[in-house]
Protein chains: 4
Amino acid sequence: MIIIMHSEATPFEIDNVVAEAEARGWQTHISHDSGETFIGLQGKGQPLDPFHLGQMPGVKETMAITQKYKLASRAFRREDTTFTIGGVTIGGEQVAVIAGPCSVESREQLLETAHAVKEAGATFLRGGAYKPRSSPYSFQGMGEQGLKLLAEAREATGLPIVTEVMSPNKVALVAIYADVLQIGARNMQNFDLLNAVGQAHKPVLLKRGMSATIEDLLMAAEYILAHGNNRVMLCERGIRTFDNKYTRNTFDINAIPLLKELTHLPIVADPSHAIGVRRHVSAITLAGLAAGADGLILETHPDPDHAVSDGDQSLTLPQFRELMNQVRALAEAVGRRV
Amino acid sequence: MIIIMHSEATPFEIDNVVAEAEARGWQTHISHDSGETFIGLQGKGQPLDPFHLGQMPGVKETMAITQKYKLASRAFRREDTTFTIGGVTIGGEQVAVIAGPCSVESREQLLETAHAVKEAGATFLRGGAYKPRSSPYSFQGMGEQGLKLLAEAREATGLPIVTEVMSPNKVALVAIYADVLQIGARNMQNFDLLNAVGQAHKPVLLKRGMSATIEDLLMAAEYILAHGNNRVMLCERGIRTFDNKYTRNTFDINAIPLLKELTHLPIVADPSHAIGVRRHVSAITLAGLAAGADGLILETHPDPDHAVSDGDQSLTLPQFRELMNQVRALAEAVGRRV
Amino acid sequence: MIIIMHSEATPFEIDNVVAEAEARGWQTHISHDSGETFIGLQGKGQPLDPFHLGQMPGVKETMAITQKYKLASRAFRREDTTFTIGGVTIGGEQVAVIAGPCSVESREQLLETAHAVKEAGATFLRGGAYKPRSSPYSFQGMGEQGLKLLAEAREATGLPIVTEVMSPNKVALVAIYADVLQIGARNMQNFDLLNAVGQAHKPVLLKRGMSATIEDLLMAAEYILAHGNNRVMLCERGIRTFDNKYTRNTFDINAIPLLKELTHLPIVADPSHAIGVRRHVSAITLAGLAAGADGLILETHPDPDHAVSDGDQSLTLPQFRELMNQVRALAEAVGRRV
Amino acid sequence: MIIIMHSEATPFEIDNVVAEAEARGWQTHISHDSGETFIGLQGKGQPLDPFHLGQMPGVKETMAITQKYKLASRAFRREDTTFTIGGVTIGGEQVAVIAGPCSVESREQLLETAHAVKEAGATFLRGGAYKPRSSPYSFQGMGEQGLKLLAEAREATGLPIVTEVMSPNKVALVAIYADVLQIGARNMQNFDLLNAVGQAHKPVLLKRGMSATIEDLLMAAEYILAHGNNRVMLCERGIRTFDNKYTRNTFDINAIPLLKELTHLPIVADPSHAIGVRRHVSAITLAGLAAGADGLILETHPDPDHAVSDGDQSLTLPQFRELMNQVRALAEAVGRRV
């Protein structure tokens, strides 16, 4: 249930309603939207009488939420959620562009990429220090050394850092260096990890699992939100379907307008994983933007053919620069800017 | 195998090569591309020695094609195939816009729609007279009477007609009225029907089956091409995946750049079926265009809530008009026009 | 709606109810089950008042059917449908075993197979004379000559014939030779073909489309039933999923108990297509039987490595004989017989 | 690469080969199979010359492994892996039966279930103390208290315990109480967790992810094996497909014979999750056994309609008893025993 207070409700009135709900065993979660105060109730308290609540001073209306996700739903928050990281506001008119290599491989590789993507117009730097690899025999990332290189690249370019965290006991460490904590597709339902980033003080980029439904994705976001972290971006990165002869995944473009309707959280498109073929990344990037994405995340590498991971889908630096020109033209046509 | 003749090869030299191949039991299929003559060999003839062939007068080179589809492949024809229907050229710079109701329901419904979509900028009128319905108890279409109404709407507006044919023994009848023969998703591998439209003298719009791979689609096109009809458009209309709670299908946007690479045939996007939810059709239309589609097919209806079929995904006439404005702006940003 | 008449209802009372329904614009469909008469109403008549109907002499009860499929549903017929072909009863205690080559290739190949599978315990002979092939350049079947060979094999062995029909205008011809008309997976929603076999006087084996839902399959059966042919067997032959590296399809074993619950029609398992790998066909055959299949259809060939189609999944004749021994042992353990 | 030593090779000869490989930077992994010693090489050492190795004393042959999974492959170990837990040998003639509730809810619920399943013939007790739930608002398990109840139930019945661990930092705790550590489907690619159970001294039951390919599953097992834990059971529990109207998942029965061919590890079928509908669990259990499963895991509950989780798919205790009778009959027919 959500209780919406009148815009002129006093703190005393709000506290009263909270106390009433908590006395019945509910946890409360307060947010502000369009000048109104929303009190969300979670957990398994005793039934509350909407009529009685509606009579309490300051209460404007009460609302049952039938979706399983509550804090993530548009019913709980009608306005788009926006938040600002390193001067870039996510979720508004500006389209965030997150670019960089799949894996941090070396100081040279990272800094060359960081300067190039910055110059081409990227607003965030991505790079993996901990890599979830399907084989135990593949490169597993540079670890903390990689995080330090990312921090160095941020100092050199001013770009905030997006990097993945794979385990609850690494969240504190990664949060020291990162500006945005990324949860990978394979960990979308690693609930202990979701709880851990829910308690972190950094925004989260949550990737959709490769066979997660839209509802699964929103429920995973709900774990993070319910633990107190409201700064969550959702990322569509392609799903598994029957057809994978020519592409790595199937980009679920439908998810973009659908998520914009169901949730107030910003949506990021990941064309690199979504198609997995370098020469087709541009087409998918433009499609994602046209469909309404609030951000783009693109793998770029100075020498993709020798990348330690995901080289097949990484853009070269000139390709990224060229793509940014197309992105700018398209953004204007759909009323956005980069 | 494909034999490419020098651009200055004489008809006599070409005939000689054809005769040689046919003497070995091959069927030959001649096409012209960039000023060169291509001789495609089909069927199961005896092996031909590429070296010997290469020595024959006029032969420039021979090429094995490893894809199962041959006539549909870029190897067989490197330039985009274009063809002109009712003054509109498909496959070039202009984006074809095919609009109209799912089913032809009445003279009034059809004519009102036809005039409105024409005015808004559509270049083709669609409408079903024979309807493949999952239930035997649902409306199955007006039949020939519907075809006659379509012909009347063409006369009234000048828009060429796209309409579905479901059975080999109806091809001749439908071809009398239609400008483009549509093969529906459920019939994509109805091989007798593909053979029949392959012999018809009308262009074909071939919809991808809901679980057809890209290769399946190209092989289905190959049936039509192999029977002598070169004017085939491929249509991506959404596939079946694990996630159908909120949408009817999953639009496989990856298919668009992929098909543009693999085949020379024009590609049409069908946002209406691809997402199946009226308020999201616009986002998917723009995405399809941004990804490189050569045409768009959109269900429109004067009163979708009372449509006999597919009302949930049909645009109202004002929605279609509004969408066309967005389409025009986006087309310009990606170097196309409507 | 279904109207169930008392067991002692007179023909006059039954006719009265039928007349009442038809007067309101309904089509009626009469069946008998457990000594009672069922009157099924189809089409789009005017609403009928269940209370008024319930008062009519001879009426026991009326029942709304909410499933989209009506004649195929257990609500319409609670007992298992059984029917006898060439002395074998399908849908009862006995498990039907349909064996033979994918394609009829020659007199020798067919007769050798027919005698061998008969001796090993098969109760039907299968073989394709018209072949739906994904490539126009592949062998398309021997046509009527193949049908004649099948008829000859029937005379030689006494085994009834199951063979595919691909086009409405071939139904009459195929029905001359065949004992069971097979509809292939790719034609499951070829509605004109379903209508045609619905009017034929031969039982039908309807294969599930590769991405057809259970409901789609039952609706396809409904087309056949609604055209008057009650002798329909449903066939699960594997579906398309994300995993096809090692197998051709994914056998949807869940479909077997589910279909046995939802419909009264017999269910046949097709392990050959379901897994597509010869050495694993036995395991899937036993699984299908254990899950409750009423019949098995198995591709067998004297020399699978030189078969013109589906050799990879065809059992050799000794493998089939060995499998039949396992089938007999398992059938006994689950209360069936072969 | 795998180096196979002659059966009469001396420990000195074996050590020599190991030293040679390690000198080139390889990690070695020794196993014994059919009286021969196998030396598996992992990691990224310098190339080794097979010819040179083949000349070393005691070496019988060397073998390149092209699959990405090595230790899990049949090439590495041709015999079935078996291991004994609490007196029950997994992977041999006997079929392991793991039964119990989804969640441990109370002492009474657990002990009643444990005694009942023991009496009916189960050989392991399952029960979840840590529950991965898609909603943060659902019951998350009793935690360590649940583990203590499981240990009490083991003392009371003698049944070894199978229970899930969700996080690397809980592995040590769960391993104190559990006999088998279960990795849930959602954590199949939680690589830090796989590494942690790879270092534990307890057998592991690894569930296939809901969209994991067979190769993904084997690669996940490879993580555990590569960290030194050889006692791994693989579990097929249903995958996500386009059809989920009537069932929770699609049981991939093909996976059972396929996995038996590709790997030496035991395979367990989970009919409860595979179909998700109580009244159909029996059919799927029998199918899994007929297809070759080495074990069965079945949710059972004294009062499923009031279970806190997975009640819809849990068998009642009498249903479980009845199913065990069918399982015994079928096991005998396929040459196994319970």
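User: What makes strand 9 (residues 161-164) of chain A a strand with both faces covered?

Analyst: The model is predicted, so local features need pLDDT of at least 70 and side-chain atom pairs pLDDT 80 or more, while totals for chains, interfaces and linings use all residues. Residues are numbered from 1 along each chain as its sequence is written, and chains are lettered from A and ligands numbered from 1 in the order written. A residue is buried if 20 or more other C-beta atoms, placed from the backbone, lie within 10 Å of its own, exposed if 12 or fewer, and partly exposed in between. A:Ile161 and A:Thr163 on one side are buried, as are A:Val162 and A:Glu164 on the other; both faces are therefore covered.

User: How do you know that strand 8 (residues 124-126) of chain A pairs with strand 9 of chain A?

Analyst: Pairing requires at least two DSSP bridges between the strands. Strands 8 and 9 of chain A share two bridges in the parallel sense, so they qualify. A:Arg126 has A:Val162 as its bridge partner.

User: Which strand of chain A pairs with strand 9 over three bridges?

Analyst: Strand 10 (residues 180-183) of chain A does, also in the parallel sense. There, A:Gln182 stands opposite A:Glu164.

User: Why does the length of helix 7 (residues 214-226) of chain A agree with expectation?

Analyst: The expected span is 1.5 Å times one less than the number of residues. For the 13 residues of helix 7 of chain A this gives 18 Å, and the end C-alpha atoms are 18 Å apart, so the two agree. Of these 13 residues, 12 are buried.

Key. Helix = DSSP H or I, 4+ residues; strand = E, 2+ residues; numbered from the N terminus.
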